[in-house]
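This report walks through a two-chain model, from overall build to single residues. Please keep the structure open while reading.

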Amino acid sequence: MTKPTDLVQGTLDLLILKTIALEPMHGWAIAQRIRRVSNNVLQVNQGALYPALHRLEQQAWIQSKWGESENNRRAKYYSLTRAGQKYLKAEESNWERLSSAIGLVLKTV
Amino acid sequence: MRWVQTVSNLFRSLLRRNTVEQELGSELRFHIDRQVEENIAAGMAPQEARRAAVHEFGGVEQVKEECRDTRRVSFLEALLQDLRYGARMLRKNPGFTTIAVLILALGIGANTAIFSMVNAVLLHPYNFHNLDSLVRVWETRGMEEGFDARSVAPADAADLFAGTDVFQNLATYRDQTFNLSTEGNVEPIWGDSVSSSFFDVLGRGPTLGRGFAQSEEQPGFERVAILGYGLWQRRFGGDPGLLGKTIKLNGRDYTVVGIMPPKFSYPVPSELWVPLALPAAEKADRTQLTTMALGRLKPGVTAEKANVALASYAHRLEQEFPKTNAGRSATVLQLRKELYLYSLPLFSLLQIAAVFVLLLACANLANLMFTRMLGRQKEIAMRTALGAGPRRLAQLFVSETLLLSMLAGAAAVSVSFWSVRLLRTSISVEWTKWVPGWDGIQVDSSVLALTILLAFAVGLLFGFATVLHSGRVGLGQTLKESGPGSLTRSRARLRSVLVVAQVIFALVLLVCAGLTIQGFVRLATMYEGFQPGGVLDAEIGLPKNIYSDGTKITAFYKQLLHSASAIAGVKEVALATNLPASNVNNDMTPFTIEGRPVTKTNEMPSADLLVASPDYFPALRIPLMTGRLFSESDNDAVERVTIISKSMADRFWPGENALGKRVRLGAADSNDPWMKVIGVVGDIRQNWWNPAARPTIYTSFLQSPRNGMSIILRVESNASSYAAPLRDVVRQMDAGVALVAIETLKTQVVDSIGIIRILGILMGVFGLVALLLSSVGVYGVLSESVAQRTRELGIRLALGAHPRDLMKLVLGQALKLTGIGLAIAVPVSFAVSRIMAALIFGIVSADFAVVAGFTFLLVAVALVAGYFPARRATRVDPLIALRYE
């Protein structure tokens with residue numbers, strides 16, 4: 001099941017956390033949002049999305065709550081916990097360090 | 001608080017599995033439905049839209065399984081499964097389970113029961129706030145002194161408090177017996193006169209009323225009293241109206257100003273406190289160490305730091321007041337450790353013995369477990385063949401042994417509840433009232449925690465031992481075999497080692513038990529030398545306010561001796577300041593020998609000091625070696641005389657005649673008069689913790705009168721019936737004087753060494769358990785080995801071996817195992833008994849007979865334990881044995 005852009009493990013976590021940092025979202029909306037924002041480059045595979053959501057919840061970075069969806073159905077909404085907000089910040093700066101370092105290497109070599 | 005949520009998520013997944021499953025299902029369904037809507041909106045036909053959505057999603061069940069995996073409950077689920085399986089296995093083998101649980105429960109229970117004593121008596125003797133910063137403060141005179149001689153001079157105490165920066169607060173106090181009279185009835189009460197800071201230092205105040213004011217430390221203002229809760233309930237029915245009323249103590253009126261809370265008693269067993277009002281002259285006194293002191297250290301000041309500061313300040317006092325303070329230093333000791341001098345070795349010994357019992361039980365159980373594992377080799381091989389990894393197998397065994405040890409832990413808790421109750425009820429209050437913390441002996445949370453910890457540790461240990469033991473199961477070999485599993489050579493050796501270990505533990509424990517019991521018997525018979533059976537004793541405290549000088553005191557006691565000897569049936573009457581087996585040390589005093597001046601105070605010789613009446617020695621059957629005893633004419637008007645003990649004569653006048661030599665109490669230039677040695681008497685043992693013979697100086701009660709004396713009556717028979725006549729005599733002389741602690745000397749002796757008896761009994765129980773367990777261990781290994789060798793034995797028989805040879809073969813194995821164990825254990829026992837002798841005041845001594853006796857006992861037990869398997873070996877039917885397998 002290789003998709004055009006397979007996400008590196010860990011990167012998906014970062015994308016999920018960043019996406020729900022704005023407002024609580026359900027799984028489908030998270031996938032949609034990531035695809036739309038990345039101009040269809042990042043296609044999140046459901047087979048990876050839901051295990052990732054459950055893992056993050058188990059690790060208590062995010063929490064879930066059942067709520068009314070935009071089409072008036074019950075959906076599971078995920079939001080960041082306080083620990084998750086800190087974790088996101090740390091991961092973001094990690095990512096920036098890493099990508100700028102890679103950029104540096106690519107440019108110079 | 002991230003972990004809180006993690007754990008609660010974990011529990012939710014574990015305990016509410018159905019809900020979690022449903023939620024997972026509807027979450028994924030919602031996703032697909034939402035995609036269907038989206039597809040329809042994009043213009044697809046409904047059916048096509050659903051097909052596309054489902055296709056895009058992929059395997060729903062696969063996603064679900066991955067989600068479940070993230071919840072990490074698979075480990076726990078497997079654990080639950082293993083526990084259930086373990087429980088089933090244990091239920092299936094009730095015999096094994098019962099024995100294993102019993103063995104472990106004995107081992108763990110012994111430890112928790114002893115720990116409950118250690119916890120109360122050594123670790124939490126008092127329930128005062130911040131106990132670790134409370135210290136006893138006293139001055140040392142450069143000689144070895146007992147725990148009840150820890151006192152300070154009043155002026156020094158004040159200086160030590162003001163001059164050093166270590167105490168937050170300091171209190172002084174003096175033990176005192178009060179004669180409390182109500183309606184013509186005089187009751188002696190243990191109590192203390194205390195400085196007004198006393199209750200502040202302890203951090204406990206009265207529950208009713210108030211503490212003492214500083215103004216009440218002035219002589220003339222001290223007629224106020226605080227009562228202990230127990231006394232208040234017992235004598236005054238808990239009447240709250242008692243506050244403000246007066247009670248009669250030592251014939252004077254005191255106003256009750258406070259009632260202390262229940263269970264408060266310091267120093268034990270006090271029940272009454274009055275202000276310590278010292279006259280100005282006594283307050284400024286440095287010559288005598290007359291009061292006790294109790295300090296609260298400042299936060300951050302440890303006992304070590306305080307000791308350094310006090311020593312250097314005491315040095316300054318030494319230079320400032322050389323006449324009184326030369327050779328004196330000051331020291332502190334945490335209140336908790338007040339009685340460590342004797343409680344620490346006794347209880348440590350018990351705790352170590354209990355640990356030995358546990359180790360023995362573990363060695364024993366290990367053999368049982370390994371035998372059982374043999375029967376399960378097939379199961380293990382099958383599990384391995386079916387794909388169970390080493391980790392999964394380990395988890396299986398560990399959960400099984402944990403279950404077993406937890407059961408044992410639960411049984412151990414009831415064992416300790418039961419034994420603690422027994423301990424507390426079986427020991428005479430007369431002894432235990434002097435032991436702070438004894439009332440606190442209970443199975444509390446820390447004892448329970450220790451039980452659980454021990455059970456858990458043992459369970460884990462056995463689990464992993466089992467895993468290691470069964471680690472290398474030859475798969476094909478085991479599955480092919482049709483008989484029961486067999487021992488490999490290395491495993492058989494391991495089991496023999498375990499048996500040898502049991503023999504070692506058993507002998508060491510038995511020897512310790514034997515020596516303790518021997519020590520108790522020896523102590524008891526030594527005190528028998530006084531023939532305590534026909535002696536009644538009591539204590540008398542003449543109130544200082546009425547009996548204020550020597551003439552009045554001697555007049556009273558002379559009259560008392562006269563009247564008491566007139567009681568029909570009384571053979572001898574005598575007085576002494578302290579009696580043997582009183583559990584109180586004698587006063588110790590430095591002294592000077594005429595013609596041998598010592599310049600430095602701390603190099604002065606010292607001896608026990610006892611004031612006695614002439615008949616003291618005959619009444620207690622203490623032999624006169626040379627010279628004469630005191631007589632009525634050795635009174636105040638003539639030259640001072642003294643009688644010394646044999647050990648004193650031997651120490652200071654070796655090879656010389658001590659008679660006629662002169663000694664004086666204190667330094668060469670002290671004010672005490674010279675005393676001529678007129679007699680030498682035999683040594684007596686004062687208390688069980690004292691060495692057998694201590695240099696002792698006896699003086700006559702006529703020449704050095706004391707307010708407090710013990711009276712002894714040697715009577716024809718039935719000593720306890722003389723209590724009433726003796727009390728009558730005293731009442732007729734002075735109704736305000738009470739007799740304290742009237743009992744027969746026999747009771748006193750038995751009570752005073754009660755703790756040694758308890759030690760002996762507990763050690764004896766440990767020894768018996770050790771004997772039982774190790775014999776079961778020898779039996780188990782031999783029966784196992786006979787069962788393993790059935791075939792070999794059958795061949796031997798078929799080839800013409802005589803049954804007697806087989807008997808010898810098996811018994812020889814038993815003797816070999818025991819012999820190796822004993823060869824190691826005998827020297828170890830000697831070493832241990834020597835350590836023990838050093839620890840508990842020479843009560844026990846390494847004794848060849850005891851070691852030899854128990855060695856033979858163990859050999860005999862091994863032979864008996866080996867006999868049954870050996871008999872089975874001789875009855876092997878060669879035909880069956882050869883057909884077997």
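## Terms and numbering

A residue is buried if 20 or more other C-beta atoms lie within 10 Å of its own, exposed if 12 or fewer, and partly exposed in between, with C-beta atoms placed from the backbone. Helices (H or I, at least four residues) and strands (E, at least two) are DSSP runs, numbered from the N terminus.

This is a predicted model, in which local features need pLDDT of at least 70, side-chain atom pairs count only at pLDDT 80 or more, and totals for chains, interfaces and linings use all residues. Residues are numbered from 1 along each chain as its sequence is written, while chains are lettered from A and ligands numbered from 1 in the order in which they are written.

## Overall build of chain B

Chain B holds 29 helices and 21 strands. Its C-alpha trace spans about 125 × 95 × 55 Å along the principal axes. Of the 885 residues in chain B, 42% are buried.

Four domains divide chain B: domain 1 (2-72), domain 2 (131-338), domain 3 (341-525 + 754-883) and domain 4 (543-736). These bounds come from an automatic or database domain assignment. The C-alpha centres of domain 2 and domain 4 of chain B are 28 Å apart. Two residues are in contact if their C-beta atoms, placed from the backbone, lie within 7 Å. Among contacts in chain B between residues at least 6 apart in sequence, 83% join residues at least 24 apart.

## Where the chains meet

Chain A gives 19 residues to the contact and chain B gives 20 residues. On the side of chain A that touches chain B, the elements giving two or more residues are α2 (27-37), α3 (46-58) and β2 (74-80) of chain A. α3(A) gives the most, with eight residues. This side of chain A divides into seven nonpolar, eight polar and four charged residues. Here Ala, Val, Leu, Ile, Met, Phe, Trp, Tyr, Cys and Pro count as nonpolar, Asp, Glu, Lys and Arg as charged, and the others, Gly among them, as polar.

## Nonpolar cores

A nonpolar core is a set of buried Ala, Val, Leu, Ile, Met, Phe, Trp, Tyr and Cys residues joined through C-beta atoms within 7 Å. The largest has 179 residues, and B:V357, B:L507 and B:L509 have the most contacts inside it. Helix α19 (residues 489-528) of chain B gives the most to this core, with 20 residues. Domain 3 and domain 4 of chain B both give residues to this core, so it lies between them. Another core, of 56 residues, lies apart from it and includes B:V224, B:W232, B:L297 and B:A330.

What does B:V357 touch, leaving aside its neighbours within four places in sequence? B:V357 is in contact with B:G107, B:A110, B:L509, B:F766, B:V769 and B:A770.

## Buried elements

In helix α7 (residues 154-163) of chain B, the buried residues are B:P154, B:D156, B:A157, B:D159 and B:L160. They pack against β1 (134-140), β2 (167-182), α10 (280-283), β9 (292-297), α11 (303-320) and β10 (329-334) of chain B.

B:V715 sits in strand β20 (residues 708-715) of chain B. B:V715 counts as buried because 23 other C-beta atoms lie within 10 Å. Beyond neighbours within four places in sequence, its contacts are B:G534, B:L536, B:G569, B:V570, B:K571 and B:Y722.

## Loops and backbone details

B:K245 lies in the loop between α9 (229-236) and β6 (246-249) of chain B. Why is B:K245 exposed? B:K245 has 12 C-beta neighbours inside 10 Å, so B:K245 counts as exposed.

The loop between β7 (252-259) and β8 (272-275) of chain B holds B:P267 and also B:P269. A cis peptide bond joins B:Y266 and B:P267, with omega about -15 degrees. The bond from B:V268 to B:P269 is cis too, with omega near 0 degrees.

A:N40 is not a glycine, yet has a positive phi of about 65 degrees. A:N40 lies in the loop between α2 and α3 of chain A. B:N130 also has a positive phi, near 50 degrees, and lies in the loop between α6 (94-123) and β1 of chain B. A:N40 is exposed, with 10 other C-beta atoms within 10 Å. B:N130 is exposed, with 10 other C-beta atoms within 10 Å.
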